[in-house]
Amino acid sequence: MSREGVAPVPEGEFLVPIEKYMFAGVRLGTRVSNAYLEKRGFIFAVRHDGLRIFDLRKIDERIRIAAKMIARYDPSKVVAVSAKPYGWRPVEMFCKFTGCRPIIGRFIPGTFTNPRASYYIEADLLVVTDPKVDTQAITEAAQLGIPVVALVDTDTPFQFIDLMIPCNNKGRRSLALIYWLLAKLVLIERGLLKPGEDLPVPPEEFETRLREIE
Amino acid sequence: MSTQSAQQTSRQPTMFGIEVPRCTSCNRPISPDEKGVRFLCPNCGQAEIWRCEKCRKLGNTWRCPVCGFEGP
Ligand SMILES: [Zn+2]
Ligand SMILES: [Zn+2]
């Protein structure tokens, strides 16, 4: 597996071994250039084929920080959304372990803004898988002043996002690993897991299976 | 709302009535009817970060006054 472009780091510096990050492809962006993310030091390199590569350290750091933020909220008022199928199982599993509320598939307009609707959810924090497609959730969070944490790829709009996790938000394995790490760290922050302890299931269990979305 | 009663109930007398929060990015006061956002610094949890609607929309950087963390 290629470790190209990753400086040698002492063991244990990252949340998971670098190989695991690499295998999941978390740092693979898109071919879309993104001055906004570049300016913030999130982009590590541009591959010869034009693919933007995220800085692994930033990804790792932001996962930790996002988990700290999520852990400060009442889980029943943290809503994690994914309109796109590859994010469905990661979001569901994340919520299963953390007690947050999943919304997968279509986000019904009014979910946050219409308290009279049967599908109304009171949210204090929104976690978004892909701001490019989860637009309705972000629009409603913006209207109500709900803070937004989002996985941000190089083709992702940045409007109304309060904390970004720069990463590959399109890959099946990448989404699984990111949400697995978030779930694990949220539980550690809450004292339900000891540092160094893992979730009872591996990141692969967070992956959307191809047959699920057929 | 009466400024006077707010002054009487708070332990520290407020000199100019109820304090209006200011955007952590642009320092502009955020009025109650504006769609700003408020959260504790994700990194240290010590400072309250406010972002006005405009800064949120433009993705303007905010910096935690306590730990120096920069978002979004
Ligand atoms: Zn502002
Ligand atoms: Zn801070």
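Trainee: In strand 4 of chain A, which residue is the bridge partner of Val79(A)?

Mentor: Arg101(A) is that partner. Keep in mind that this is a predicted model.

Trainee: What makes strand 3 and strand 4 of chain A a pair?

Mentor: Pairing takes at least two bridges. Strand 3 (residues 78-82) and strand 4 (residues 101-104) of chain A have four bridges, in the parallel sense. So they qualify as a pair.

Trainee: Now the interface. Why is the meeting of Arg51(B) and Asp162(A) called a salt bridge?

Mentor: The cut-off is 4 Å, from a side-chain nitrogen of Lys or Arg to a carboxyl oxygen of Asp or Glu. The side chains of Arg51(B) and Asp162(A) come to 2.7 Å, N to O. That is within the limit, so the name applies.

Trainee: How many salt bridges does the rule find across the interface of chain B and chain A?

Mentor: Two. The count of residue pairs in polar contact, both at pLDDT 80 or more, is 14. On chain B, strand 1 (37-40), helix 2 (53-58) and strand 4 (70-71) each give two or more residues to the side touching chain A. By class, that side has 10 nonpolar, six polar and seven charged residues.

Trainee: What area is buried between the chains, and which residues of chain B lose the most?

Mentor: About 1700 Å² is buried between chain B and chain A, with carbon and sulfur atoms giving 52%. Pro42(B), Arg56(B) and Pro72(B) lose the most on the chain B side, together 38% of what that side buries.

Conventions
Residues numbered from 1 in each chain as written. Chains lettered and ligands numbered in written order. Predicted model: local features only at pLDDT ≥ 70, side-chain atom pairs only at ≥ 80, totals over all residues. Heavy atoms only, no water. Buried area = accessible area lost by both parts, 1.4 Å probe. Polar contact = N/O pair within 3.5 Å; in protein donor to acceptor, adjacent residues only side chain to side chain. Nonpolar A, V, L, I, M, F, W, Y, C, P; charged D, E, K, R; others polar.
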